[in-house]
Amino acid sequence: MSGKFRMTIQKKTSAGIAVLLLILTLIGNSFVYQYCYKLLVGHRSQQDAGITSQCAMGVQTVLQDTQFLAQNIAVSPIIQDFLKIPEPDYYQIETMNQEIKNMIKLRLYIRSAVLICRDGVYWSYSPYEDYFKGLLNEEWYQEMAGRNQCYSRIHPIKIAKERDFITYRCYIADSNTPVLRTGELLLNLDAAQFDTVMKGFFG
C-alpha cells in the first residue's frame, strides 16, 4: 500500500512540474521558469498537481500584470511628452519620475523602474545617479539586446541593500507614430516575491 501511495505522490509531483513547465514555456519566460522551478523543487514534499497548477497560474498572473503595467506606462501622456524633450530640466524629470512611481507603487513585487531615452537613464529610485547606467553594461542586460517584451536572468540591484531581481524590458513607441521607437522601459521585479507566491500555495 505504501508503495502505491509513493507512486501516486510521484505522479502528482511530475504532473505538477509538467504544468508549470508548460505554462511558463508558453509565455516564453525561460529565466523566470528556471528560477521558479528551483523554488518549486524546494517545496517538493508538499507538491501535488492541483496546487502546483495554481502556483503556476499565480506566477503567470504576476508576469501578465507586469506586461500590462508596462503598456500603461508606455502610453502615459506624461511619459510620451517627456520622450519628446531633447534636454529635460529638473522639473520635467521630476514630473516624469513621479508619474512612474505613482504607477508602480501598488505593485509590491515591482521595486523600481527605469526609463531609457537618448543618452538618459532615469532610475525611479534615484533618477540623477549613474548607478543604473553602469548596470546596463552587465551581462543580464546585454543578453536582452534587440529583444522586446522579454525578461532578464536573475541579477542583483542595490536598493538600500543588494537584492536579486528579474527585469522586464519593453520598447516604447510614439503614440502618434507607432513605428517610431522613442525609448525603453525596464521594470525590476523583486525575485523574492516569486517565493512569496509559492509559499502562498504551499504554506
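Arginine 163 and aspartate 190 form a salt bridge through their side chains, at 2.7 Å from N to O. This is a predicted model, so please take that distance as computed. Arginine 163 sits in strand E5 and aspartate 190 in strand E6, so the bridge ties together parts that are 27 residues apart in sequence.

Aspartate 190, at 1% relative accessibility, counts as buried.

I will go through two others.

One joins arginine 107 to aspartate 65, and their closest N and O atoms are 2.9 Å apart. Aspartate 65 belongs to helix H3, while arginine 107 is in the loop between H5 and E1, so this pair connects parts 42 residues apart in sequence. Arginine 107 has 18% relative accessibility and counts as buried, because buried means under 20%. Aspartate 65, with a relative accessible area of 23%, is partly exposed.

The other is between the side chains of glutamate 143 and arginine 153, at 2.3 Å from N to O. Both residues lie in loops: glutamate 143 between helix H7 (139–142) and strand E3 (150–151), and arginine 153 between E3 and strand E4 (155–159). They are 10 residues apart. Glutamate 143 is partly exposed at 27% relative accessibility, and arginine 153 is partly exposed too, with a relative accessible area of 30%.

Now to the nonpolar side of the structure. The largest nonpolar core has 31 residues, and the members that touch the most others are Ile73, Leu115, Leu187 and Leu189. Which elements supply at least two residues each? They are helices H3 (49–75), H4 (77–82) and H5 (90–104), together with strands E1 (110–117), E5 (161–173) and E6 (181–190). H3 gives the largest share, 7 residues.

Take isoleucine 73 as an example. Setting aside neighbours within four places in sequence, what is isoleucine 73 in contact with? The list is Ile79, Ile100, Met103, Ile104, Leu185 and Leu187.

There is a second, separate core, of 15 residues. Among its members are Ile116, Met144, Ile159 and Phe165.

Definitions and conventions: Residues are numbered from 1 along each chain as its sequence is written. This is a predicted model: local features need pLDDT of at least 70, side-chain atom pairs count only at pLDDT 80 or more; totals for chains, interfaces and linings use all residues. Side-chain values use heavy atoms; hydrogens and water are left out. A nonpolar core is a set of buried Ala, Val, Leu, Ile, Met, Phe, Trp, Tyr and Cys residues joined through side-chain atoms within 4.5 Å. Buried means under 20% relative accessible area, exposed over 50%, partly exposed in between (1.4 Å probe, protein chains only). Helices (H or I, at least four residues) and strands (E, at least two) are DSSP runs, numbered from the N terminus. Contact means heavy atoms within 4.5 Å. A salt bridge is a side-chain nitrogen of Lys or Arg within 4 Å of a carboxyl oxygen of Asp or Glu.
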